[in-house]
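Let's walk through this one together, a side chain at a time, and then step back for the wider view. Keep the viewer open as you read.

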Amino acid sequence: MLLEIALFLITAFLGVYYWITKNFGYFKENGLPEAPGTFPFGSEHMWDLMLRRTSFLQQFDGLVKKFKDVKCFGIYNFRQRDVVVKDLELAKMVLIKDADHFIDRPAINLDGSKIESDKIVNYFLTQLKGEQWKKVRTLVSPVFTSGKLKMMVPHVQKCAENLDDVFASAADSGEMLEAKAVFGKYTIDAIATSGFGIELNSFKDPDSLFRQTALRMARAEGYSSKLDIVKFFIMIVAPKLSRLLGFSFMPAGTIEFFAKIIRQT
């Protein structure tokens, strides 16, 4: 019995290994510079991201420096092949001139999930494809016109005044402030006020339900689990298995919380 189990596990591992690594070397074979992929996460930026050695916004910084003399280069996110465009003119062609050829975005496969949060996430622009993406983008675009953005300024200004009060108080008392924590609170307040219509002051009330839920959703430091990496890996590699195990893309109750606020306001 133990032998059969061992053989099954070895076979399963080899199958996953082949499925993930079979695309590695694709860009190099086709004459494009690439950041080599290694099992299981892919290129080095994904290793840094999955092991929380860098942030989502900074994940490409190291690679951009390594490939400073090229207009674009290939990377591997797990088994997925992606191209990072560095050249501004080339980026304009992709995003503007030839945008109709670059509609779909890489997405997590959440189709068929019965979890409410996954159903909501599946309607994000980053998840939608084809004509459905075009329709939703048309509906969302007016929200980001210059006029609408200007309407948000007074709300963001109020949050900035709260931030200014914190700086003034720290200057008077000589208190040392942690920049990441301070600006994190300011960011959450600005989003809550301008995006959800909720007046929030995380400097005075850092344990508010809104802030705690936002931190859980973003899996901020202290609000995440080491198992999140395993769950995310399974969702990428074997989405059907992840649904069978009941894994959700977002922590339970987070997306539902913000969806409820939007419906009520």
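The side chains of Asn77 and Asp82 are joined by a polar contact of 2.5 Å. This is a predicted model, so take that distance as a computed one. Asn77 also has a polar contact with the side chain of His45, this one at 2.6 Å. Where does Asn77 sit? You'll find Asn77 in strand β1, which covers residues 72-77. Is Asn77 buried or exposed? With a relative accessibility of 17%, Asn77 counts as buried, because the cut-off for that label is under 20%. If you skip the neighbours within four places in sequence, the contacts of Asn77 are Phe41, His45, Met46 and Asp82.

Phe78 belongs to the loop between β1 and β2, the latter being residues 80-85. Have a look at its backbone: phi of Phe78 is near 60°, which is a positive value in a residue other than glycine. Phe78 is buried too, with a relative accessible area of 2%.

Another residue with that kind of backbone is Arg219, whose phi is near 50°, again positive and again not in a glycine. Arg219 sits in the loop between α10 (209-217) and α11 (227-237). Its relative accessible area is 23%, so Arg219 is partly exposed.

While we're on the backbone, turn to Pro40. The peptide bond leading from Phe39 into Pro40 is cis, with omega near 5°. Pro40 lies in the loop that runs between α2 (26-29) and α3.

Next, the charged pairs. Side chains of opposite charge can pair when their charged atoms come close. How many salt bridges are there here? The count comes to four, and we'll visit some of them. Start with Glu44 and Lys66, which form a salt bridge with their closest N and O atoms 2.7 Å apart. Glu44 is in helix α3 (residues 44-50) and Lys66 is in helix α4 (residues 61-66), so this pair ties together parts that are 22 residues apart in sequence. Glu44 is partly exposed at 34% relative accessible area, while Lys66 is exposed at 56%.

Another salt bridge links Arg53 to Asp48, with 2.9 Å between the closest N and O atoms. Arg53 is exposed, at a relative accessible area of 54%, and Asp48 counts as partly exposed at 24%.

Then there's the pair made by Lys92 and Glu89, whose side chains meet in a salt bridge at 3.7 Å, N to O. Both residues lie in helix α5 (residues 88-97), three residues apart, which is about one turn of the helix. Lys92 counts as partly exposed at 39% relative accessibility, and Glu89 is partly exposed as well, at 49%.

From charged side chains, move to nonpolar ones. Which residues make the nonpolar surface patch of about 630 Å²? They are Met1, Leu2, Ile5, Phe8 and Leu9. Of these, take Leu9: this residue lies in helix α1, residues 2-21. Leu9 is exposed, with a relative accessible area of 52%.

Time to zoom out. The protein chain has 13 helices and two strands. Its C-alpha atoms fill a box of roughly 65 × 55 × 45 Å along the principal axes. The chain has 265 residues, and 29% of them count as buried. The accessible surface comes to about 17,700 Å², with 62% of that belonging to carbon and sulfur atoms. As for contacts, take those with a separation of 6 or more: 55% of them are between residues 24 or more positions apart.

Finally, a word on confidence. The mean pLDDT of the protein chain is 87, and 100% of its residues reach 70 or more. Where is confidence lowest, and where is it highest? The lowest mean is 78, in α11, and the highest is 93, in α2. In general, where pLDDT is low, the predicted coordinates should not be read in detail.

Notes: Residues numbered from 1 in each chain as written. Predicted model: local features only at pLDDT ≥ 70, side-chain atom pairs only at ≥ 80, totals over all residues. Heavy atoms only, no water. Patch = residues over 30% accessible without salt bridge, like charges linked within 9 Å, V, L, I, M, F, W, Y side chains within 5 Å. Areas by Shrake-Rupley, 256 points an atom, 1.4 Å probe, with all protein chains shown as cover. Helix = DSSP H or I, 4+ residues; strand = E, 2+ residues; numbered from the N terminus. Buried < 20%, exposed > 50% of the residue type's maximum accessible area, 1.4 Å probe, protein only. Polar contact = N/O pair within 3.5 Å; in protein donor to acceptor, adjacent residues only side chain to side chain. Contact = heavy atoms within 4.5 Å. pLDDT = per-residue confidence, 0-100.
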